[in-house]
Amino acid sequence: MNPMDLLPMRIEELVHELSVLPFNDLHGTVTSPLTLTNYTFWGLIALVTTILFFTLVATKQRQRIAAAEASGKATDLAPTGRLTGMLEAGVEFVRDMAVDVIGPKDGPKYVAFLCTIFFMILISNMYGLIPGAKSFAGSIGGTVALALVVWVVFVFVGFKKNGAFGYMKSLIPEGVRKMPLAARIGLGGFIFLLEFISTFLVRPLTQSVRLFANMYAGHVILGVFGSFVWLFVPIIKMQAEQSFSVGGAGIGLLAMVFLIIMYAFEVFVAFIQAYVFTILTAVYIQSSVHASEH
């Protein structure tokens, strides 16, 4: 049998593997919103991993502070271990982002929230690169849920900082608000409508779709190259009737090379998408914090 004849079957299996399925029945269908799905399960694993990492590092940090106070040596405060070093570098990275985007006065207040989002997405995306595991960002439901959390936070900040009237008024630029009455009603009303739709509808939609589309597309590409490797590389067990050819083996080895390259690229994408989602969150919070200045 020509290996290409098996390609439609492999594509069908790939689509099934990337679908949202009940965790305890990967051949079933989701019949209730309360069903624990494969993506929800791995999202919870990523959340627990994030909490575990920071709990371990916080415990070490307290031990280092106690040791430094006992010895009087500042060198005892130096980070030890790769995990501690990586997390501290990540927190500093997010903290600098928050200060740059939101401002030196208000930025540090949101570092904990932004760090939670950044590391949750990053760790989940890394899990998604493990065969058999999932990134919650590979399902639109997971990214919509996270985008709605961000939406609730930045809208709440906007109302708290500026009051309901002040926050709504900030949707119209200050220059337009100073125009004659007719311009304020006509142009101001039009801009208010656009900004209202953008703030309350478009932002959570685009933020969730951007993350989902990038991660899902990456998983599809990895799956396609993996399918070609499975079909053509002779060292992989094939069906008994499947034929072998030197040309086919060459295609399989070439697919394997691209698969390795794409895996490395997807590690980069996992970080970039966590960064993009987090900085967009910081930008939205900044627009709420400084809404009265618009």
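**Close-up views of a predicted model**

Gly141 is found in helix H5, which spans residues 140-169. This is a predicted model, in which local features need pLDDT of at least 70 and side-chain atom pairs count only at pLDDT 80 or more, while totals for chains, interfaces and linings use all residues. Residues are numbered from 1 along each chain as its sequence is written, and side-chain values use heavy atoms, with hydrogens and water left out.

View A. Helices here (H or I, at least four residues) are DSSP runs numbered from the N terminus, and so are strands (E, at least two). Gly141 comes out at 47% relative accessibility, so it counts as partly exposed. For the cut-offs, buried means under 20% relative accessible area, exposed means over 50%, and partly exposed is in between (1.4 Å probe, protein chains only). Gly141 and Val20 are 121 residues apart along the chain, and their C-alpha atoms are separated by 9.3 Å.

**View B. Helices H5 and H7 packed together.** Two packed helices are described by the angle between their axes and the distance between the axes. For H5 and H7, the angle is about 155° and the axes are 7 Å apart. Axes are lines fitted to C-alpha atoms, for helices over the stretch in contact, and angles run from 0 to 180 degrees between N-to-C directions. H5 and H7 are therefore roughly antiparallel to each other. The labels go like this: under 35 degrees is roughly parallel, over 145 roughly antiparallel, 65 to 115 roughly perpendicular, and the rest oblique. H5 passes H7 in a right-handed crossing; a crossing is right-handed if the near helix is turned clockwise from the far one by less than a right angle, and left-handed if anticlockwise. On the H5 side, the residues that meet H7 include Ile140, Val144, Trp151, Phe154 and Tyr167. Among their H7 counterparts are Phe192, Phe196, Phe200, Pro204 and Phe212.

**View C. Ser208, on the H7 side.** Ser208 is found in helix H7. With 2% relative accessibility, Ser208 counts as buried. Leaving aside neighbours within four places in sequence, Ser208 is in contact (heavy atoms within 4.5 Å) with Ile140, Thr143, Val144 and Ala147. Thr206 also lies in helix H7, but at 31% relative accessibility Thr206 counts as partly exposed.

**View D. Aromatic rings, starting with Phe196 and Phe200.** Rings of Phe, Tyr and Trp (its six-membered ring) pair if their centres lie within 6.5 Å; planes under 30 degrees apart are stacked, over 60 edge-to-face, and the rest tilted. By this rule, the count is 18 aromatic pairs. In one of them, Phe196 and Phe200 have ring centres 4.6 Å apart and planes at 35°, so the pair is tilted. Phe196 and Phe200 are four residues apart in helix H7 (residues 181-232), so about one helical turn separates them.

**View E. A ring cluster and a charge over a ring.** Phe54, Phe93, Phe118, Phe119, Phe271 and Tyr275 are linked into a cluster by ring pairs. Elsewhere, the charged end of Arg10 sits over the ring of Trp230, 4.8 Å from its centre. That label needs NZ of Lys or CZ of Arg within 6 Å of the ring centre and within 35 degrees of the ring normal.

**View F. Helices H3 and H4.** Helix H3 (residues 82-102) and helix H4 (residues 111-127) pack at about 125°, with axes 9 Å apart. H3 and H4 are therefore oblique to each other, and H3 passes H4 in a right-handed crossing. H3 residues including Leu87, Val91, Phe93 and Ile102 meet H4 residues including Val111, Leu114, Phe118 and Phe119. Thr116 is found in helix H4 and is partly exposed, with a relative accessible area of 45%. C-alpha to C-alpha, Thr116 and Val91 are 9.7 Å apart in space and 25 residues apart in sequence.

**View G. Gly72 in a loop.** Gly72 has its place in the loop between helix H2 (38-71) and H3. At 65% relative accessibility, Gly72 counts as exposed. Gly72 and Gly166 are 94 residues apart in sequence and 51 Å apart in space, C-alpha to C-alpha.
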